[in-house]
Amino acid sequence: NHEEVDFVVSFSPKGPKDVGLMKHRMLINVKNGAPVALIFRANVTVPEISLSLAEFNFGLVKVGHQGQVTLQLHNKNVVPATWAIKPPLEGADDWPFFTCSPASAKIEPRRKQNVVLKFTP
């Protein structure tokens, strides 16, 4: 008479040091029997975003007018990438003059997304 037991194993990487091939061995003790070894393997990866522009130059923009630049984000890896534009922590007195559309999004693996940056002095 055999019994089966289903169980779920979860693995949550904690940071950049947990990227790459991971292997963990776990022993299951069997009452009145020999232990059973389970080996868990995972290839941990993170999103990899590249930008189509390294620098954004709006050129000469008159006060009350708008400069616009479109850039493309490319998720080069096999996992989704969630991103968001946030103001700098300091020295951002001119931040209100800038907008980004969209301001946040999720890019699926190996996909690209256009982002429009606007500057209105």
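Analyst: In this predicted model, strands E3, E4, E8 and E6 form, in that order, an open sheet of four strands with antiparallel pairing. The twist from one strand to the next averages 25°.

User: What makes E3 and E6 the edges of the sheet?

Analyst: E3 and E6 each have a single partner strand, so one side of each is left without a neighbour in the sheet.

User: How do you know that E3 and E4 are paired?

Analyst: Pairing requires at least two bridges between two strands, and three bridges join E3 to E4, so the antiparallel pair E3 and E4 meets the requirement. One of the residues involved is Ile49, whose bridge partner in E4 is Asn75.

User: What can be said about the pairing of E5, and how do its side chains point?

Analyst: Strand E5 (residues 81-84) runs antiparallel to strand E7 (residues 104-107), and four bridges join them, with Thr82 standing opposite Lys106 in E7.

User: Why is the contact between Lys106 and Glu108 called a salt bridge?

Analyst: The criterion is a side-chain nitrogen of Lys or Arg within 4 Å of a carboxyl oxygen of Asp or Glu. The side chains of Lys106 and Glu108 meet at 4.0 Å, N to O, and therefore the contact counts as a salt bridge. A search of the whole structure finds one salt bridge.

User: Why is Lys106 called exposed, and Glu108 partly exposed?

Analyst: Exposed means over 50% relative accessible area, and buried under 20%, with partly exposed in between. Lys106 has 52% and so counts as exposed, whereas Glu108, at 37%, falls in between and is therefore partly exposed.

User: What makes the pair of Phe58 and Phe98 an aromatic pair, and why is it called tilted?

Analyst: The count comes to three aromatic pairs. In the pair of Phe58 and Phe98, the rings are 6.0 Å apart, centre to centre, with 50° between the planes. Ring centres must lie within 6.5 Å, and planes under 30 degrees apart would be stacked while those over 60 would be edge-to-face, so the pair of Phe58 and Phe98 qualifies and is tilted. The pair links distant parts of the chain, as Phe58 is in the loop between strand E3 (49-51) and strand E4 (67-75) and Phe98 is in strand E6 (residues 98-101), 40 residues apart. Phe58, Phe98 and Phe119 form one aromatic cluster.

User: How do you know that Met26 and Val30 can belong to a nonpolar surface patch?

Analyst: Patch residues need over 30% relative accessible area. Met26, in strand E1 (residues 20-28), has 32%, and Val30, in the loop between E1 and strand E2 (36-44), has 38%, so both Met26 and Val30 pass that cut-off. The patch, of about 580 Å², is made by Val5, Phe7, Val9, Met26, Ile28, Val30 and Val36.

Technical notes. Residues numbered from 1 in each chain as written. Predicted model: local features only at pLDDT ≥ 70, side-chain atom pairs only at ≥ 80, totals over all residues. Heavy atoms only, no water. Buried < 20%, exposed > 50% of the residue type's maximum accessible area, 1.4 Å probe, protein only. Patch = residues over 30% accessible without salt bridge, like charges linked within 9 Å, V, L, I, M, F, W, Y side chains within 5 Å. Areas by Shrake-Rupley, 256 points an atom, 1.4 Å probe, with all protein chains shown as cover. Helix = DSSP H or I, 4+ residues; strand = E, 2+ residues; numbered from the N terminus. Axes fitted to C-alpha atoms, helices over the stretch in contact; angles between N-to-C directions.
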